[in-house]
Amino acid sequence: MGVRAACEAMVERLTRRDPGTPKIPAGSYCFQVDRELSTIVKWEPDHTDVVQGVEPFAHFDGDLRAWGLDPRFVDPIRDLLDVDAVDLFTEKLNVKRARVGGPIVLHQDYPYWVANSQDPGEIATAVLFLDDATRDNGCLEVLPGSHRDGVRKPGSQAGFGAFEMDPTCVPDEALVSLEVGAGSVVFFGSLLVHRSAPNRSNGDRRTLLYSYQPAGREASVVSLAALLGGRS
Ligand SMILES: O=C(O)CCC(=O)C(=O)O
């Protein structure tokens with residue numbers, strides 16, 4: 001199955017399910033746990049019937065797992081991590097729907113992964129843009145050089161929101177907007193400071209993110225399953 005079709009099929013499947021759990025606001029997001037599938041669906045906080053994203057899914061979606069093992073992602077990641085072989089650590093789909101897709105707020109990936117990885121410093125991500133990404137539809141914005149400056153101070157929020165950075169600590173003009181065409185892939189490590197703005201356009205702005213670690217380590221779904229009391 002083509003990659004866009006596989007993503008939309010997964011969203012459709014998850015939208016039809018009723019996992020019987022509440023939608024819980026946490027930080028800037030709204031999460032719903034699906035224990036049976038050991039996954040988390042993110043809903044748009046201002047439109048809680050619209051999916052914002054899903055993470056993880058390679059353990060239940062064979063098509064999307066196969067895409068994540070494509071050498072066009074894996075080979076550059078092996079170089080980036082300087083290892084011979086890598087495995088998936090986690091996967092995320094962001095669908096940022098036309099007009100209603102909200103922001104992904106300023107953050108590094110590192111703090112989100114401290115609790116469930118062997119070493120978040122040894123995880124790197126490939127972002128595949130499924131649509132042209134522009135300032136208007138909420139392209140990725142990155143802080144050049146931030147991957148060399150270590151882990152930033154957490155923001156002042158409590159709970160899950162503490163993983164987010166204080167949005168005022170980086171001036172808007174320091175961020176570079178990655179306006180890239182559909183089919184582009186952006187690779188980065190867990191320390192890069194990044195965000196993306198709401199989608200103000202009439203088209204979706206979807207990204208598929210695969211995060212990798214050196215081979216032989218447990219995928220994040222193992223700790224997630226333990227946490228959720230679901231599959232292991
Ligand atoms: O899709 C995006 O705009 C940002 C992706 C990202 O940084 C995330 O979901 O953590």
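Trainee: Which residue in β12 does E91 stand opposite?

Mentor: Y210. This is a predicted model, so the pairing is computed from predicted coordinates.

Trainee: What makes β5 and β12 count as paired strands?

Mentor: Pairing needs at least two bridges between the strands. Eight bridges join β5 to β12. Therefore they pair, and they run antiparallel.

Trainee: Where do these two strands sit in the sheet?

Mentor: The sheet is open, with eight strands in the order β1-β2-β3-β4-β5-β12-β7-β10. The pairing is antiparallel.

Trainee: Why are β1 and β10 called edge strands?

Mentor: Because β1 (23-26) and β10 (185-189) each pair on one side only. From one strand to the next, the twist averages 25°.

Trainee: What packs on the sheet?

Mentor: Helix α1, residues 3-16. Helix α1 touches β3, β4, β5 and β12, and its direction makes about 125° with that of β4.

Trainee: Why is V86 called buried?

Mentor: The cut-off is 20 or more C-beta atoms within 10 Å. V86 has 25 such neighbours, so V86 is buried.

Trainee: Which strands each supply at least two residues of the ligand shell?

Mentor: β5, β11 and β12. The residues around the ligand are K92, N94, I104, L140, H194, S196, T207 and L209.

Trainee: How many residues of each class does that shell hold?

Mentor: Three nonpolar, four polar and one charged.

Methods
Residues numbered from 1 in each chain as written. Predicted model: local features only at pLDDT ≥ 70, side-chain atom pairs only at ≥ 80, totals over all residues. Buried ≥ 20, exposed ≤ 12 C-beta atoms within 10 Å, placed from the backbone. Near = placed C-beta within 6 Å. Helix = DSSP H or I, 4+ residues; strand = E, 2+ residues; numbered from the N terminus. Nonpolar A, V, L, I, M, F, W, Y, C, P; charged D, E, K, R; others polar. Axes fitted to C-alpha atoms, helices over the stretch in contact; angles between N-to-C directions. Contact = placed C-beta atoms within 7 Å.
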